[in-house]
Amino acid sequence: MAGEVRGLYIGGRWTVPSDRAHFTTRNPANGETVGEFVSGTPADVDAAIGAAQKAFPAWRDTPAPKRGELLLEVARILRGRKEALGRTVTREMGKVIAEGRGDVQESIDFVEYMAGEGRRLFGETVPSELHSKLCLTFREAKGVVACITPWNFPMAIPNWKIAAALVCGNSVVFKPASNTAQCATEVVAAYEEAGLPPGVLNLVTGAGGTVGNPLIEDPRVRTVSFTGGVETGREVYVRGAKGLKMVHLELGGKNPEIILDDANLDLALEGALFGAFGTSGQRCTATSRLVVQAGVYDEVLGRLKERLAKFRIGDPLEASTDMGPVASADQEAKVLGYVEAGKKDGERLLVGGSKLSGGAYDRGHYVAPTLFEARREGRIAREEIFGPVLALLKVRDLADAIRVANDVDYGLSSAIYTRDVNHAFEAVRALETGIVYVNAPTIGAEVQLPFGGVKNTGNGGREAGSAAVEEFTETKTVFLDFSNRLQKAQIDPR
Ligand code: NAP
């Protein structure tokens with residue numbers, strides 16, 4: 001890579017154009033600079049798409065198992081760097097080091113899973129209604145795809161998109177979140193080192209609109225895979241729709257954990273604490289609502305307060321830290337803004353609700369884990385805060401719990417803690433989310449299963465698992481007639 005400033009990666013070369021502005025990323029735990037990057041321009045986007053388009057035919061025609069082998073090499077490289085990359089994740093966006101390593105492990109798992117897809121990419125063989133006719137489908141690459149990613153899983157989400165797109169034979173232009181540009185360059189470096197041909201993967205860092213808009217609008221880009229906030233997603237969708245593109249959206253969540261009277265409370269509380277305050281609440285699947293049945297409500301509240309009083313908040317690189325900072329000054333302002341709005345709206349603040357200060361806290365963006373006794377109709381209970389804020393809601397019974405759980409605009413993940421198998425299955429059926437956990441927290445996706453949600457969480461697609469192939473391929477349907485005569489479907493006598 002060129003010099004101190006991390007370059008754009010276009011056509012297999014890292015470049016730092018001399019006339020571009022730069023931006024930096026900072027460690028949210030202490031304000032130190034992590035890296036300096038090129039602010040890409042529409043001209044850079046144009047060059048990156050051009051490089052991807054040029055590289056596409058040869059990559060598409062590379063046998064899929066060979067593409068898979070290259071991914072195995074990427075996984076090997078990532079595994080060899082797991083500790084260093086995990087630390088980079090933690091330094092750049094503040095999640096605790098165990099989760100930083102987890103972010104890298106999820107990348108390794110997914111890249112390996114997708115490597116295997118190189119030997120599957122299954123089509124279908126389907127019977128014909130006519131004699132001597134064979135009907136089958138093939139999966140084909142789409143062409144140049146745009147991958148736009150958020151900062152909260154800065155290794156895993158880029159790899160989810162890039163590895164899936166590449167094994168299917170597409171070429172990629174990658175626009176990462178500006179907050180985690182260092183992680184993005186490390187991801188791309190692994191693919192380069194594994195021997196990916198020039199132009200197959202290109203990276204343009206820079207501001208969302210400046211880089212994102214021309215990328216989405218360019219007619220050479222046929223598919224946009226976007227993960228981020230609902231408002232940005234809506235804008236991306238509209239822009240893509242003008243070009244009749246396939247736009248895959250993975251957006252926010254307002255995920256409930258239901259605790260029924262018959263739950264194992266120890267387990268349910270562990271799940272709630274991990275779900276709500278892991279990654280400082282900045283996961284799309286974070287538990288942001290705890291929906292508790294009346295019979296155990298007071299006990300859950302008391303025990304939560306006790307546990308939160310003992311929470312260790314501090315340096316995310318320290319193994320003993322329970323929760324690190326939020327990811328940026330913007331995140332801090334957003335979360336504290338919600339707390340203030342909640343208080344004004346008459347929500348009952350029970351724990352936290354402030355910026356932590358004094359000593360090392362003053363150098364970073366630390367927000368105390370926060371607990372509200374929330375009103376069902378209030379913003380704290382309904383909007384995605386994306387920080388360490390948990391809304392507690394009391395319910396009468398299972399039916400009431402499901403009503404409350406479903407009464408939001410999002411539908412990504414949900415959890416229910418109960419020992420009653422009927423209640424568990426009733427909840428699985430009734431909860432309006434793409435993912436449901438029984439006796440496990442709302443976070444904890446595994447890469448071999450489809451991931452995504454309903455309502456405003458997206459536009460119906462799924463990532464990961466076998467669904468990843470759907471996102472990045474076209475289906476070609478083929479009819480082979482070996483009857484040696486004209487046969488007419490639907491018209492020939494039956
Ligand atoms: P964001 O602000 O929407 O940004 C996401 C990405 O979009 C970033 O790369 C951003 O670039 C880019 N962007 C911004 N404006 C754009 C535009 N006009 N056109 C194209 N791209 C644009 O979201 P975030 O704050 O990074 O991430 C948090 C959100 O992501 C939360 O809502 C969370 O729930 C969601 N999320 C969803 C999933 C899921 O799978 N459902 C997973 C993780 C996160 P810049 O960084 O340069 O602004």
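This is a predicted model: local features need pLDDT of at least 70, side-chain atom pairs count only at pLDDT 80 or more; totals for chains, interfaces and linings use all residues.
Arg-307 belongs to helix H10. When neighbours within four places in sequence are set aside, Arg-307 is in contact with Glu-270 and Leu-273. With Glu-270, the side chain of Arg-307 forms a polar contact of 2.7 Å. Leu-269 is 38 residues away from Arg-307 along the chain, and the C-alpha atoms of these two residues are separated by 9.1 Å.

Helix H10, which spans residues 294-309, lies across strands E13, E14, E15, E16 and E17. Relative to E14, the helix runs at about 140 degrees. Helix H9 (residues 265-277) also packs on the sheet, where it touches strands E13 (255-259), E14 (287-293), E16, E17 (389-395) and E19 (413-417). The direction of H9 makes about 165 degrees with that of E13.

The sheet itself is open and consists of 7 strands in the order E15-E16-E17-E14-E13-E19-E20, with mixed pairing. Its edges are formed by strand E15 (348-351) and strand E20 (435-438), each of which pairs on one side only. On average, neighbouring strands of the sheet are turned by 25 degrees against each other, direction ignored. In general, the strands of a sheet pair through backbone hydrogen bonds, in either a parallel or an antiparallel manner. Strands E15 and E16 (residues 370-373) run antiparallel and are joined by 3 bridges. Within this pair, Leu-349 stands opposite Phe-372 of E16.

Arg-289 is buried but has no salt bridge. The nearest side chain of opposite charge is that of Asp-407, at a distance of 7.2 Å, whereas a salt bridge requires a separation within 4 Å. A polar atom of the Arg-289 side chain does, however, lie 2.8 Å from the backbone oxygen of Lys-254. Residues up to four places away in sequence not being counted, Arg-289 touches Lys-254, Asn-255, Pro-256, Glu-257, Ala-381, Leu-390, Ala-391, Leu-393, Val-404, Ala-405 and Val-408.

Note on methods
Residues are numbered from 1 along each chain as its sequence is written. Side-chain values use heavy atoms; hydrogens and water are left out. Two strands pair if DSSP finds at least two bridges between them. Helices (H or I, at least four residues) and strands (E, at least two) are DSSP runs, numbered from the N terminus. Axes are lines fitted to C-alpha atoms, for helices over the stretch in contact, and angles run from 0 to 180 degrees between N-to-C directions. Contact means heavy atoms within 4.5 Å. Buried means under 20% relative accessible area, exposed over 50%, partly exposed in between (1.4 Å probe, protein chains only). Lys and Arg count as positive and Asp and Glu as negative; His and the chain ends are not counted. A polar contact is a pair of N or O atoms within 3.5 Å; within protein, one must be able to donate a hydrogen and the other to accept it, and residues adjacent in sequence count only if both atoms are side-chain atoms.
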